[in-house]
Amino acid sequence: MGSGKRGLVASAVIVVCAVTVLAAPGTAFAAPTPTPSPSSPSSTAVTSKDLEEVRQKLEKLYHAAAVATDEYNAAEEAAEKQSAEIVALAKRIVKGQEKLAELKKRAGDAAAAQYRSGGLPDEAKLMLSDDPQAFLDGTGRVLQGQRATKGMLAEMTRIQEDLELYARDASAQWHKLEAGRKAKAAAQKKVEKQIKAAEQLESRLEKAEKERLAELEREAAYRAQTAWLDSGILKDLDSKASEQGRKAVEYATAQLGKPYEWGAEGPKTYDCSGLTSQAWASAGSGIPRTSQEQWKQLKRIDIEDMRPGDLIIYNDDASHVALYVGDGAIIHAPRPGRTVTVAGAGSMPILGVVRPDA
């Protein structure tokens, strides 16, 4: 068995184990039925209603952080592209300047030669010649020289115009780069602000309250996943992955347990679109960096036709993305404070599905 196939089998085993632990017997991927946690003096200080409000507020804060993270990633991607274009333009400018210097040297050499010959133009020399054949031969050379001179002057003019154009383009790209840096810095402040607010909110909870809050999160995901499965969505799913899709799933599976970090694309930490873009890069297919651009640029697929390796885009603003791995399950990088994990594909509001290798 080849190493790729062994890796895929190992990946499948991990996913199957995760699904087995988290799924109810005989069903596709689902969260476990929640079990009530024992009450304690600290947990009774905050009611379930209060904790549910905290959960919803945290969800909004982390959602806002995810949106800002996409803005940050987009600004970073644009900055990298603009920097590369500036470098390319600089190389063209240098090359053009070298060519222009060469042409000027040739023009200078021609002027010096004319000076050494007494300053008479070639046409006058030919007219004074006593040799008719030399006159005819020389006429051809003069015409060739005139054409070469005109060509050289035209090329010098064109290169000068190109240099001016390159300089204007480089200046425009530089202004875009500066604007992108400001947008990136603003997005970074938004992300940090939302995450800090969420962390402060969670820090005010007692240990038992945090445990109950985590259970409420699981319950909410369970309800959403159950409703999604009850819709019969899995009945006609095409579960046959492409070769690239299998490689993407294998990569994502190998990242299970690694921490979420906004703006990260591996190999030690990931955000949601960092994970999906790197998974598909490992499969030999470059895709957009952000979840919003993945939604805009990749081919959209009906949910009923999705297969392992496809990307599920979540929320109305396409602020989250996960890799579908089959049997109603996804692998994704959820949010700050969490790790890359297996979850139910329907545990969050689905916007749609896209296929990188369509």
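# Reading a core and its sheet

Mentor: Let's start inside: the largest nonpolar core has 25 residues, and Trp280, Leu311, Leu323 and Ile331 have the most contacts within it. Keep in mind that this is a predicted model, where local features need pLDDT of at least 70, side-chain atom pairs count only at pLDDT 80 or more, and totals for chains, interfaces and linings use all residues. Residues are numbered from 1 along each chain as its sequence is written, and side-chain values use heavy atoms, with hydrogens and water left out.

Trainee: What is a nonpolar core here?

Mentor: A set of buried Ala, Val, Leu, Ile, Met, Phe, Trp, Tyr and Cys residues joined through side-chain atoms within 4.5 Å. Buried means under 20% relative accessible area, exposed is over 50%, and partly exposed lies in between (1.4 Å probe, protein chains only).

Trainee: Which elements give two or more residues to this core?

Mentor: Elements first: helices (H or I, at least four residues) and strands (E, at least two) are DSSP runs, numbered from the N terminus. Here the contributors are helix 7 (243-254), helix 8 (272-282), strand 2 (311-314), strand 3 (320-326) and strand 4 (329-332). Helix 8 supplies the largest share, four residues. There's also a second, separate core of 14 residues, with Ile301, Tyr314, Ala343 and Ala345 among them.

Trainee: What does Trp280 touch?

Mentor: Contact means heavy atoms within 4.5 Å. Not counting residues up to four places away in sequence, the partners of Trp280 include Ala248, Ile287, Leu311, Leu323 and Pro356.

Trainee: In what order do the strands of the sheet run?

Mentor: Two strands pair if DSSP finds at least two bridges between them. Six strands make an open sheet, ordered 1-6-2-3-4-5, with antiparallel pairing. Strand 1 (299-301) and strand 5 (341-344) are at the edges with a single partner strand each, so one side of each has no neighbour in the sheet. On average, neighbouring strands are turned by 40° against each other, direction ignored.

Trainee: How does helix 8 sit on that sheet?

Mentor: For angles, axes are lines fitted to C-alpha atoms, for helices over the stretch in contact, and values run from 0 to 180 degrees between N-to-C directions. Helix 8 packs on the sheet and touches strand 2, strand 3 and strand 4, with its direction at about 45° to that of strand 3.

Trainee: Are the faces of strand 2 covered or open?

Mentor: In a regular strand, side chains alternate between the two faces of the sheet. Both faces of strand 2 are covered: Leu311 and Ile313 are buried on one side, Ile312 and Tyr314 on the other.

Trainee: Which strands does strand 2 pair with?

Mentor: Strand 2 has four antiparallel bridges to strand 3, where Val321 stands opposite Ile313. Another four bridges join strand 2 to strand 6 (residues 350-355), also antiparallel, and there Leu311 has Val354 as its bridge partner. Strand 2 and strand 3 form a hairpin with five residues between them, and Asn315 in the turn has a positive phi of about 75°.

Trainee: Is His320 buried or exposed?

Mentor: His320 is in strand 3, and it counts as buried because its relative accessibility is 7%. Its side chain makes a polar contact with that of His332 at 2.9 Å. A polar contact is a pair of N or O atoms within 3.5 Å; within protein, one must be able to donate a hydrogen and the other to accept it, and residues adjacent in sequence count only if both atoms are side-chain atoms.
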